[in-house]
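Have a look at the model, then go through the notes below.

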Amino acid sequence: MIKIMIRIEDVIEKVEKNRPEPDIDLIRRAYLFSALHHRGQKRASGEPYLVHPLEVADILADMRLDETSVSTGLLHDVVEDTLVDLETIRSYFGDEITHLVDGLTKIAHISNLSKEKQQAENVRKMVLAMITDVRVVLIKLADRLHNMRTMQFLKPEKRARISQETLDIYAPIAHRLGMGKVRSELEDLSFQNLYPEEYRKLSNEVEARRTELEAALEKITDLIKTKLNENDVPFIEVQGRVKRLYSLWKKLKKRKLTIEEVYDLIAARIITPNDKKNCYLALSVVHDIWTPVPERFKDWIGNPRDNLYQSLHTSVINDNGQSFEVQIRTEEMHHVAEEGVAAHWKYKERKLGRREEDASLDELRKTVEKLLLPLVETTQDAEDSEDFIESLKLDLYPKDVYAFTPMGKIIQLPRGATPLDFAYAIHSEVGDACTGAKIKGRIVPLRTELQNGDVVEILTTPNSKPSRDWLNYAVTSKARNRIRHWIADQQRADSIEIGRKLLEKEADKFRLSPKKLLNNDDEMKRIANEYGLGRAEDLLASIGYGKTLPRNVLAKFLGAEKFAELDPEKKKETRLESSVKAVKKFIGLGEDAIIVRGVDNLLTTRARCCNPLRGEEIIGYISLGKGIVVHNKRCKNVQQLMVNRDRIVDVEWAKGEGKEIQSVRLLATTENRTGMLAGITNAIAEIKTGIRDARAEVSKNDRGLIEVTIEVFDKKHLDKVVTSVQQVPGVIAVERVNY
């Protein structure tokens, strides 16, 4: 099937139809400018690059956005992908379009940032830009939507990366802005690209039942129309739909259901004239026809969602025992449900040609600020780009839990939220001082998940402070960021005190007055600056964390000649060095197996939770009193360590092959038949690998479980063993088991 390229006249025709007296000349100039500067460029499909900005402009015209938005859609890639700069855009199109294009342009390539961090910074930039003008994100959503529609021409790994980002960031933003139509298409396209086999399988299952489902829907919608007419309840349309594939897949996966067990596989929707009383009249008719399912009724008209969504939802059961959902909304509510904030985007023209936002736009801007402000607060609170993305995902998670304060104020939170999230939602100081909570008058643990309608009372104590354990209970980014900051501040204060004591102790060894050193602000600041630190406190904290040796600080304070003269350990090995060597030898590490960049003579040990092997990516964590604990970067515990990034240090494997032996446990899942243990141990022995232990058992689902402890030198050696075991007939899967 050959797709006909969209024409600029098609876009202009839509704008003229949807907008009063639009500035068509602006759109034509933007089109010619884009065509000129994208000339000769091709997309991955081989078609002219101009197709993309034209398609984006067409999507924006379908959203009924203004000509400024449509023109920006045509220009959105010229700064990023051509030699045009922002000042050129400003000279041709003015400040408004320049601001929008700038918000949509990725930051320049920064060589010292990873691809993931650069992508995070691009998202951060967009979020900051969209709070001042929501059109930034509307244009970005149109851009992403067209890119997702044409993903088939990209490499699989790139498709997966972009689809995951779409699912994590852009589809939730569309949901936050009430744009149900865009969100649905982004989710389904992401699902198709991320999990092609599961998508195909589920699609086939639904298609196999489509005739049956559509027949059932036709009976349902015909009966609703008949009963509405009999009861003189006005309606515009009664629709039927089969549940979207991504939404269906999520439900099947989360609840471990079969497709036959999904209650809302099909749904009906009643659209009434613009008077909400008609919605409630229609609801009574539906409940007269079928039996409503208890606790499956939601009134989003009386209590609208933050994203402007309004509708009545009820689940019912027909005479055949089949359950399905019925949604009821007015025509205006339907447009808002499909298009969100875009449904309200309109301007009125003044005779002088200046635009003035009308009353509905003023109200819309306030609503948009309310929707997007938490995202902006996230960008300000999160210091690191990875923290920002994690917090942004949490903030974008659908907010479905409505709890109440004892005074009746509604607090809206994500599913899975706890009393801690509730406390921080009220105020940061309430969260910090929280010592307990009551739900409906009963004291509950702080880890308790809140349910819709819960009345929550937070118990506080003036001197109470957050605990690290709270990170296991808190869900919202506001709560987690506040707890992290408190922990980091507390640990910094502790580290400054430890650093002070260590420096005083080292000064005593050199028979130097600690006060003479610590009270010399100029010298302490000079030494701190030499380490790239700003203040004396930063230097003490660095010593306390173990990043800077107090001995080296004294060397900088005294000078090389004086330091050598006073050094009590000159010409002999220090006890510390002896201890480090002894411990390393005892645990089987070569003396320089792992190097801590920039720090000498620090004890490094491998974390038992992941037991990193030479060749794996590693990360060091300063454990007070325990030296540097080295983890595999993919270790499940690394995320928790990131709470205090000051304790993270760069570590690397020493050069050379390294022949230290490490024990690694492997778990093989096999068919339940005789000879499996012998086959696996023989396969390992054939590649000259030592076996320390081997045991076998049968699982509840009649599978063999064989655990083998082997001796390996590095990751390559381990991979070789795993491959050898996988090739044994009857082996289903092999995985590494950490301690």
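One term before we start: a crossing of two helices is left-handed if the near helix is turned anticlockwise from the far one by less than a right angle, and right-handed if clockwise. By that rule, α1 and α3 cross in the left-handed sense. Keep in mind that this is a predicted model. The protein chain has 28 helices and 23 strands, and 48% of its 739 residues count as buried. Take the contacts between residues at least 6 apart in sequence: 65% of them join residues at least 24 apart.

**Helix pair α1 and α3**

- Helix α1 covers residues 8–18 and helix α3 covers residues 51–62; the two pack at an angle of about 15°, with 9 Å between their axes.
- That angle makes α1 roughly parallel to α3, because anything under 35 degrees counts as roughly parallel.
- On the α1 side, the contact is made by I8, V11, K14, V15 and N18, and they meet L54, A57, D58, A61 and D62 of α3.
- Sorted by class, this contact has 6 nonpolar, 1 polar and 3 charged residues.

**Helix pair α21 and α22**

- M524, I527 and A528 are the α21 residues in the contact, while α22 brings A536, L539 and L540.
- By class, the contact of α21 with α22 has 6 nonpolar residues, with no polar and no charged ones.

**The three-stranded sheet**

- β12, β11 and β13 make an open sheet of 3 strands in the order β12-β11-β13, and the pairing is antiparallel.
- The edges are taken by β12 (442–444) and β13 (456–460), each of which pairs on one side only.
- From one strand to the next, the twist averages 35°.
- β11 spans residues 434–439 and pairs with β12 over 3 bridges in the antiparallel sense.
- Two places to look along that pairing: K438 stands opposite I443 of β12, and A437 has V444 of β12 as its bridge partner.
- The connection here is a hairpin: 2 residues lie between β11 and β12, and K440 in the turn has a positive phi of about 55°.
- On to the other neighbour: β11 is joined to β13 by 5 bridges, and these two strands run antiparallel.
- G436 has its bridge partner in β13, namely L459.
- Helix α17 (residues 419–426) lies across β11, β12 and β13, and runs at about 80° to β13.

**G453, in a loop by that sheet's strands**

- G453 sits in the loop between β12 and β13.
- Is G453 buried or partly exposed? Its relative accessibility is 34%, so G453 counts as partly exposed.
- Leaving out residues up to four places away in sequence, G453 touches Y402, F404 and K440.
- The Y402 contact brings together residues 51 apart in sequence, with the C-alpha atoms of G453 and Y402 6.0 Å apart in space.
- K440, another of the residues G453 touches, is the turn residue with positive phi in the β11–β12 hairpin.

**The four-stranded sheet**

- Another open sheet has 4 strands in the order β21-β22-β20-β23, again with antiparallel pairing.
- Which strands stand at the edges? They are β21 (691–698) and β23 (731–737); each has a single partner strand, so one side of each is left without a neighbour in the sheet.
- The twist in this sheet averages 20° from one strand to the next.
- β20 (residues 662–671) pairs with β23 over 6 bridges, in the antiparallel sense.
- Among the residues paired there, T669 has A733 of β23 as its bridge partner.
- Helix α27 (residues 676–686) lies across β20, β21, β22 (703–712) and β23, running at about 20° to β22.

Technical notes:
Residues are numbered from 1 along each chain as its sequence is written. This is a predicted model: local features need pLDDT of at least 70, side-chain atom pairs count only at pLDDT 80 or more; totals for chains, interfaces and linings use all residues. Side-chain values use heavy atoms; hydrogens and water are left out. Two strands pair if DSSP finds at least two bridges between them. Axes are lines fitted to C-alpha atoms, for helices over the stretch in contact, and angles run from 0 to 180 degrees between N-to-C directions. Contact means heavy atoms within 4.5 Å. Angles under 35 degrees count as roughly parallel, over 145 as roughly antiparallel, 65 to 115 as roughly perpendicular and the rest as oblique. Ala, Val, Leu, Ile, Met, Phe, Trp, Tyr, Cys and Pro count as nonpolar, Asp, Glu, Lys and Arg as charged, and the others, Gly among them, as polar. Buried means under 20% relative accessible area, exposed over 50%, partly exposed in between (1.4 Å probe, protein chains only).
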